[in-house]
Amino acid sequence: MTTTEEEAAAAAEGSSLAEELSTPLDLLLADAGRSPIRRFLPGMSGVRFAAGLARRPHKVVGRTAGLGVELAKVGLGRSELAPAPKDRRWADEAWAKNPLFRRTLQGYLAWGQAVRGLVDDADLDWGDGHRIGFLADNLVEAMAPTNNPALNPKVLKRTLDTGGGNLLEGGKRLVRDFATAPRVPSMVEADAFEVGKDIAVTPGAVVLRTDVFELIQYSPQTPQVREVPLLIVPPTINKYYVVDLAAERSMIEHLVRSGLQVYCISWRNPDARHAAWDLDTYGQAVLDALDGIEQISRQDKTALLGICSGGMIASMVMGHLAATGKLDRVAAFSLMVTVLDQERAGVTSALLSHKAAAASTRASAEKGYLDGRVLAEVFAWLRPNDLIWNYWVNNYLMGHAPKAFDILFWNADPVRMSAGMHRDFMDLAFRNALVEPNAATMLDTPVDLGKVTTDSYVVAGIADHLCQWESCYASTQLLGGTSKFVLSTSGHIAAMVNPPGNPKANFRTAEQNPPEAQDWLAGAHQVPGSWWDDYAGWLAERCGDERGKPRRLGSAQHEPLCEAPGTYVHDR
């Protein structure tokens, strides 16, 4: 492979990983309270798995016999097993041309199929099936011959070329990575980017600061702007700048250039002093931000966009506004990769248990917060091939530094979660409280999402393995207003970081939102391009007339405190 081809492949790999990365969801919070070893113990799911196989001995015998037959074919050189074409672990030609390496690969594939097949043979229910499947996937991926320096031809070549220098350098990286949490391979160097210099560079200023957040107002970049401003409520576990990455990859930059007045919350990184911060604390913060924006813009309405866990908070604030007769403060409501209905919300939901949740909330209560670095570790093991073993080979066996990708840098820049917020999120998840009218409260008022009649724009990614798009779609059935559902072709983060210019980009949408997600998909039509342009147009229709841009940022009541990206974003 030429240098150019290698660079292109590395870029594609970074793009692929970016599509799958995410801030760790609130549904992972229970697992963060357990030790790494305990996370991989099957518990009662393992007992039910063994019982399921015991009831079906013919399945086990058949699966074992099938493995034996396939391994015999491998030994004779007659096996037709081959890896998935897009699986870059096997890109080295030795896996196809060298008889020893080819047989090693095919034997591994045969064994992996048998292990995963046994999970299907046990005929487990939804939750147990996901839990055991998660453990089986981790086992199979860990045993890949590419992870073994003596079995990976690419590593063997590099070891000969460097006289073992790659393993020496890799050993240093391993010791450094595993010395502190998260104890997983680094996906990006700590100094690969500088916030405010390489990323989070859209011009603006902090116009309001509280103990909980900073409010950033962005400088208009068009002569005319829409009257009604937009407030973005970002996730609460990672930094806000997922919506303000590098130039030309920033959604905030795109919206500002589209003539919208944009404000964004930058959450403070809480520590033990802020243990009592809970959902009400963050809900009040959103209201305080709305108050500040109304005073600065001299408007009585604001558009509201919530992202992931920030979307859950924003939705509950909308319920509060509906309950207090103030829903008209919000001109348009948007959700991005947000799950409000937690029932069967993917593998993260299946991995939860009440016991793990209780242990996790007790641990965070004692410490005062849940460490975002621990959540990053939990998240990485949900995608072991992409987020663990890929970097195991690159960093430790090959001795290379990880590539510099802005999304990976953002993903490695977590925020702690206060103990009170952790407790409240776990309660929401286990009770699925946002589905039932009045089952949850925000600021002492009942939350009934059916009374939120504001027009909404709901975005999901069809390849999102954390917030399954079907679960995101369920929000259209919970909210009481007219919803436009947009399905991106990408994963969790690429659904957000979706700048125009990619000729292959497209999204799906439909005129109607039937009760079932699959019925929506069957009736949806494909639109070429990025949904960012569609969203900017949707907002423009609901954000009033155009007027001359403000002459200055802030106001007499809210003088700019410092330039964007502010100070809280630098807290570690």
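**Helices and a serine**

Analyst: Just after α12, Gly-325 takes a positive phi of about 75°. Happy to go on from there: this is a predicted model, where local features need pLDDT of at least 70, side-chain atom pairs count only at pLDDT 80 or more, and totals for chains, interfaces and linings use all residues. Residues are numbered from 1 along each chain as its sequence is written, and side-chain values use heavy atoms, with hydrogens and water left out.

User: How many residues of α12 are buried?

Analyst: Helices here are DSSP runs (H or I, at least four residues), numbered from the N terminus. Buried means under 20% relative accessible area with a 1.4 Å probe, counting protein chains only. By that cut-off α12 is mostly covered, and the buried count is 13 of its 15 residues.

User: What span does α12 reach from its first C-alpha to its last?

Analyst: The expected span is 1.5 Å times one less than the number of residues. With 15 residues, α12 is expected to span 21 Å, and its reach is close to that, at 21 Å.

User: How are α12 and α18 oriented, and which class counts does their contact have?

Analyst: Helix α12 (residues 309–323) and helix α18 (residues 419–431) pack at about 80°, with axes 13 Å apart; the axes are lines fitted to C-alpha atoms over the stretch in contact, and angles run from 0 to 180 degrees between N-to-C directions. Angles of 65 to 115 degrees count as roughly perpendicular, so α12 is roughly perpendicular to α18. Contact (heavy atoms within 4.5 Å) is made by Ser-309, Met-312, Ile-313 and Met-316 of α12 and Met-421, Phe-425 and Leu-428 of α18. Taking Ala, Val, Leu, Ile, Met, Phe, Trp, Tyr, Cys and Pro as nonpolar, Asp, Glu, Lys and Arg as charged, and the others, Gly among them, as polar, the contact has 6 nonpolar, 1 polar and no charged residues.

User: Is Ser-45 buried or exposed?

Analyst: Ser-45 sits in helix α3 (residues 43–54). Its relative accessible area is 4%, so Ser-45 is buried.

User: Which residue is joined to the side chain of Ser-45 by a polar contact of 2.7 Å?

Analyst: Leaving aside neighbours within four places in sequence, Ser-45 is in contact with Asp-128, Arg-131 and Ile-132. A polar contact is a pair of N or O atoms within 3.5 Å; within protein, one must be able to donate a hydrogen and the other to accept it, and residues adjacent in sequence count only if both atoms are side-chain atoms. The side chain joined to Ser-45 in this way, at 2.7 Å, belongs to Asp-128.

Technical notes
Helix = DSSP H or I, 4+ residues; strand = E, 2+ residues; numbered from the N terminus. Buried < 20%, exposed > 50% of the residue type's maximum accessible area, 1.4 Å probe, protein only. Parallel < 35°, antiparallel > 145°, perpendicular 65-115°, else oblique.
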